[in-house]
Amino acid sequence: MQKLTGILSVLAIFCSQMVLSIELVKPEIVGLSTQRLKRLDTLINQHISDNKIAGAVTLIARKGKIAYLQPSGMADTDKPMRADTIFRIVSMTKPITSVAVMLLYEQGKLLLSDPVSKYIPEFKGQKVIEMLPKGSQFPYKLVPVKRDVTIHDLLTHQSGILYLASTGWFPNPKREQVVSFYRDAGITDGFCRPDESIGDMVKRLAKLPLYSQPGEAWEYGLSVDVLGYLIEVISGQKFDNFVKTNIFEPLKMQDSHFYLPKNKLSRLSADWNSDWKGSLKRVNAPLIDGDLALCPSDGEQTSGKYLSGGASVLSTAYDYFRFAQMLLNQGKLDGTRLLSRKTVELMTATNHIGHHDAELLHSKGWKFGLGFAIQQDRQHNVDSGDKGVFEWAGYYSTRFSVNPTEETVTIFLSQTSPFGAHFGLWDSITALSTSAIAD
Amino acid sequence: MFTLGLKKIIYWLTLLNVGLISTQSVATGPRVAPSLFSDNTEYIYGMDFPPYISHDEIENGVIADIVNAVLKKENISADIMILPSKNMVKYYFSEENVLAVIGYNFDFNKANKTKADFIPILSVDEFYIYNSQRFPEGLHWEGNLNIFSGMHYGTYKGNNVSAYKEAGIIVKYGRLKSLLTQLELQKLDFMRVTAETINRFNENNTMVRLEPSIGTILLGVVFNNQHPKGIESAKKFKAGLQKIKANGVFEALVKKHLGHE
């Protein structure tokens, strides 16, 4: 079996080089150590041989050059991982949507301080839930918002809009009550693709109570899905078409899609359920865990109505590198300028959420910019990185990190559920990629 | 002079405002309700129940259209706000004493019943439906739920399902359209809908209705006698409803929306 996996891996690298013409540089040219990068092989292969993950693609780039691009293990039961394997990047869609919003910002079509109701009137005069003491006739009351939700609130997850799945992360009665409204109203997290347009969902969502007053709490949720619809309203284009023509095409992200073309389906990785103790099973049906609903097979749909700004994109490590490198280059890639330097500075500023912390992927010390978490300092419990590192992740265990100080991009794409299991592996990957810096 | 000038300013500001609003309305499609732009402080909250009360329908559905016609006739100043959650509609009636709510089967508790003045508008028959592809041999309904034991039944959250559970039926909740999709995908075995729902949403002709009808539901408006204008508005609404029934408007609205009288 090991021999077979070895042969398949060699074939995979060979095939992927045939399909994908990616320029890799000798790590030393960009100040990385070949020897030290090999520690990543050991780490990931150990996870594969321990049956914790089936496979992954890992990419390390520095100073704009890819120094390490390693497909490992299997993409499916009969398919080795390849450099061009396509992954459901889920929440790594959010930074893409945020960049799309900033493109409109740069065109003068919106201001971050604009109330969302200026463009989507259903957001006018929303209510916020307040729980009442036990024994009250109604368990809650609804109070008016102190101010309307703004575009900035949506970009920074300070709108008071939740994910249904958050009942599993931070359970409390108020959250449960808000999510029960979401359930009643047929709101979903968008990890399974409902048969409706994003606009229909957003307009219903706008009628439901907020969990907290706008700007008064950091709550990861469907805010970026609202932004996807906002882009449709402001641009007059379907959201996927806007992203395709304004981001994917200029950045030459040729394998990034909201719905995969039929001829690329064979490159889509399977999703795997891991107990992180050696039991690894291919996921063949929706994964339902309380309010969390994941439908990996929806990634095989070649068309559909639902365009989630928070979750719908499928992509490759190389494509996402191009996106991340554009941000690292302060808005520019290969001579194409997408955003201005000042806009990227604004997106990556560390002080967008005030005294709140972006405690989801990380703990204290991480703030949120316009689309991703940002390392605020080195005073907190962090294993690697520098102040200003920005990163985000996706529910099927995908992750990216950009370190502007060291000019590095680190991308790890796997398809392993549950999401929480891979945190240790990710921290080790970033620690190893950082410690491979040798200049 | 000053008064005249101020009036002019208000006039032009109003015109400008209307212009701006129109742009937004076009941008966000036909589901933008007038209530979103109105300064009217009285709201009538409606539960989303297509095709009778829904942003997806012309004039927000037949019930909303009839209610609006009566409100206009009787000069009752209120806007309809359709909510996607029945629980929220009940909240506004119970806790905020709003003027009125529209929908059906509110299952009010004792306290709410005492302040509710229900005015029926439309009576519709309900039927069980199933997917003919899932049950090519058909299902038979003779009035006893036990024959559906072990099957999956779809309904709205908040509806009384005790009889179904007692019969060993597995209950799944959702919105109408999502339930219909699940029925289409054969993830549900049967559900309970009105005849108009079948007519409207049976695009693939796979839904079969079981005879006889299970019963009738009354769609209508519930005025809140705890609201300062509740009693007076209910009285006026009843009178107005009779008037539009007498002058043919009611009949025309039903025909416009449902295609029959």
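Biologist: Which residues of helix 8 of chain A are buried?
Modeller: This is a predicted model, so take everything as computed from it. The buried ones are Ser223(A), Val224(A), Asp225(A), Val226(A), Leu227(A), Gly228(A), Tyr229(A), Leu230(A), Ile231(A), Glu232(A) and Ile234(A). That is 11 of the 13 residues, so helix 8 of chain A is largely enclosed by the rest of the structure.

Biologist: What covers the buried residues of helix 8 of chain A?
Modeller: The cover includes helix 3 (93-106), helix 4 (151-155), helix 7 (198-206) and helix 9 (239-248) of chain A.

Biologist: How far does helix 8 of chain A reach, first C-alpha to last?
Modeller: It runs over residues 223-235 and reaches 18 Å. The expected figure at 1.5 Å a residue is 18 Å. Gly236(A) follows helix 8 of chain A, with a positive phi near 75°.

Biologist: Back to helix 7 of chain A. How many of its residues are buried?
Modeller: 8 of the 9, so helix 7 of chain A is largely enclosed as well. The buried set is Ile198(A), Gly199(A), Met201(A), Val202(A), Lys203(A), Arg204(A), Leu205(A) and Ala206(A). Helix 8 and helix 9 of chain A are among what covers them.

Biologist: At what angle do helix 3 and helix 9 of chain A pack?
Modeller: About 80°, with the axes 10 Å apart. Angles of 65 to 115 degrees count as roughly perpendicular, and helix 3 and helix 9 of chain A are therefore roughly perpendicular to each other.

Biologist: Which residues make that contact?
Modeller: From helix 3 of chain A, Ile96(A), Val99(A), Ala100(A) and Leu103(A). From helix 9 of chain A, Phe242(A), Val243(A), Asn246(A) and Ile247(A). By class, the contact of these two helices has 7 nonpolar residues, 1 polar and no charged.

Biologist: Why might residues three or four places apart point the same way in a helix?
Modeller: An α-helix has 3.6 residues a turn, so residues with that spacing face the same way.

Biologist: New topic. How many residues does each chain put into the contact between chain A and chain B?
Modeller: Chain A gives 20 and chain B gives 22. On the chain A side, strand 6 (140-144), helix 6 (173-184) and helix 7 each supply at least two residues. That side has 8 nonpolar, 3 polar and 9 charged residues.

Biologist: And chain B itself, what is its secondary structure?
Modeller: Chain B has 9 helices and 8 strands. Of its 261 residues, 34% count as buried. Among contacts in chain B with a separation of 6 or more, 70% come from residues 24 or more positions apart.

Biologist: Which domains is chain B divided into?
Modeller: Domain 1 takes 40-122 + 217-258, and domain 2 takes 124-215. Their C-alpha centres lie 27 Å apart. In the contact, 10 residues of domain 1 of chain B meet 11 residues of domain 2 of chain B. Helix 3 (86-95) and strand 8 (207-224) of chain B each supply at least two residues of the domain 1 side. The domain 1 side splits into 6 nonpolar, 2 polar and 2 charged.

Biologist: What about helix 2 of chain B, which of its residues are buried?
Modeller: Val62(B), Ile63(B), Ala64(B), Asp65(B), Ile66(B), Val67(B), Val70(B) and Leu71(B). Helix 2 of chain B has 12 residues, 62-73, and should span 16 Å at 1.5 Å a residue. Its end C-alpha atoms are 16 Å apart, which agrees. Asn75(B) follows helix 2 of chain B, with a positive phi near 55°.

Biologist: Asp334(A) has a positive phi. Is Asp334(A) buried or exposed?
Modeller: Exposed, with 12 other C-beta atoms within 10 Å. Its phi is about 50°. Asp334(A) lies in the loop between strand 12 (332-333) and strand 13 (336-337) of chain A.

Biologist: And Ser397(A), buried or exposed?
Modeller: Ser397(A) counts as buried, with 27 C-beta neighbours inside 10 Å. Its phi is positive too, near 65°. Ser397(A) is in the loop between strand 16 (390-394) and strand 17 (398-403) of chain A.

How values were computed. Residues are numbered from 1 along each chain as its sequence is written. Chains are lettered from A and ligands numbered from 1 in the order in which they are written. This is a predicted model: local features need pLDDT of at least 70, side-chain atom pairs count only at pLDDT 80 or more; totals for chains, interfaces and linings use all residues. Helices (H or I, at least four residues) and strands (E, at least two) are DSSP runs, numbered from the N terminus. A residue is buried if 20 or more other C-beta atoms lie within 10 Å of its own, exposed if 12 or fewer, and partly exposed in between; C-beta atoms are placed from the backbone. Two residues are in contact if their C-beta atoms, placed from the backbone, lie within 7 Å. The expected span of a helix is 1.5 Å times one less than its number of residues. Domain bounds come from an automatic or database domain assignment. Ala, Val, Leu, Ile, Met, Phe, Trp, Tyr, Cys and Pro count as nonpolar, Asp, Glu, Lys and Arg as charged, and the others, Gly among them, as polar. Axes are lines fitted to C-alpha atoms, for helices over the stretch in contact, and angles run from 0 to 180 degrees between N-to-C directions. Angles under 35 degrees count as roughly parallel, over 145 as roughly antiparallel, 65 to 115 as roughly perpendicular and the rest as oblique.
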